[in-house]
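Here is a short walk through one chain. Keep the sequence and the model side by side as you read.

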Amino acid sequence: MWDEFANAQPKLAAVVAAIRGAVECPTPEAHALAGDDEPGIEEAEEGKVLTRLHRYRERRRTLVEAKKKDALQKQGCLQCEACDFNFAKAYGPAGDGIIDVHHTKPVHTLRPGETTKLSELALLCANCHRVIHSKRKWLSVEQVRALRKKTQAHETQYPI
Ligand SMILES: [Zn+2]
Ligand SMILES: [Zn+2]
């Protein structure tokens, strides 16, 4: 019983701190910095606050919609910039409009309150986006594209 309580204490303190932070900070960005860590997202080398700022910016609905619209106008489809995966091609109408948006600006250069340009965003499939954030030193879109090319070449060379 005591052990259970003792183990719960740091979590309780974190919850209190998160709630206090969200209530005391007036900007929506600051609000997004509170809460639990996301599963599958490795904290950037630069730390938790900037990791959350990055994730907040790449999931903002207005920004995501603007980036998708821009890509549709320019290329006529939504596809992963690292592996060319196209959800609509792979899943038909059920895949329409599905793509992740990744913020490419180096995390240490993010400043609270600054605006994001569409050119700083990359479209990625969920797999490539997950790979980018899966290591403490986040990979770049170019690095993941290079990794995919390498394994694809390998697959062709050694078919199962
Ligand atoms: Zn991909
Ligand atoms: Zn991202």
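Start with Asp84. Asp84 is exposed, because 12 other C-beta atoms lie within 10 Å of its own. The cut-offs are these: a residue is buried with 20 or more other C-beta atoms within 10 Å of its own, exposed with 12 or fewer, and partly exposed in between, with C-beta atoms placed from the backbone. Asp84 sits in the loop between α4 (61-75) and α5 (87-91). Its phi is positive, about 70°, although Asp84 is not a glycine. Most residues other than glycine have a negative phi.

A word on the ground rules. This is a predicted model, where local features need pLDDT of at least 70 and side-chain atom pairs count only at pLDDT 80 or more, while totals for chains, interfaces and linings use all residues. Residues are numbered from 1 along each chain as its sequence is written, and chains are lettered from A and ligands numbered from 1 in the order in which they are written.

Now the overall layout. The chain has seven helices and two strands. Helices (H or I, at least four residues) and strands (E, at least two) are DSSP runs, numbered from the N terminus. Along the sequence the order is α-α-α-α-α-β-β-α-α. Of the 160 residues, 18% count as buried.

Next, the strands. β1 and β2 run antiparallel, joined by four bridges. Two strands pair if DSSP finds at least two bridges between them. Asp100 has Leu124 in β2 as its bridge partner. In a regular strand the side chains alternate between the two faces of the sheet. In β2, Leu121 and Leu123 point one way, Ala122 and Leu124 point the other way, and all are buried.

Pro106 lies in the loop between β1 (100-103) and β2. Pro106 is partly exposed, because 13 other C-beta atoms lie within 10 Å. Its C-alpha atom is 9.5 Å from that of Trp138, 32 residues apart along the chain.

Finally, the core. The largest nonpolar core has 18 residues, and those that touch the most other members are Cys80, Ala82, Leu123, Leu124, Cys125 and Cys128. β2 gives the most to this core, with four residues. A nonpolar core is a set of buried Ala, Val, Leu, Ile, Met, Phe, Trp, Tyr and Cys residues joined through C-beta atoms within 7 Å. Leaving out residues up to four places away in sequence, Cys128 touches Cys80, Ala82, Cys83 and Val144. Contact here means C-beta atoms, placed from the backbone, within 7 Å.

Key: Contact = placed C-beta atoms within 7 Å.
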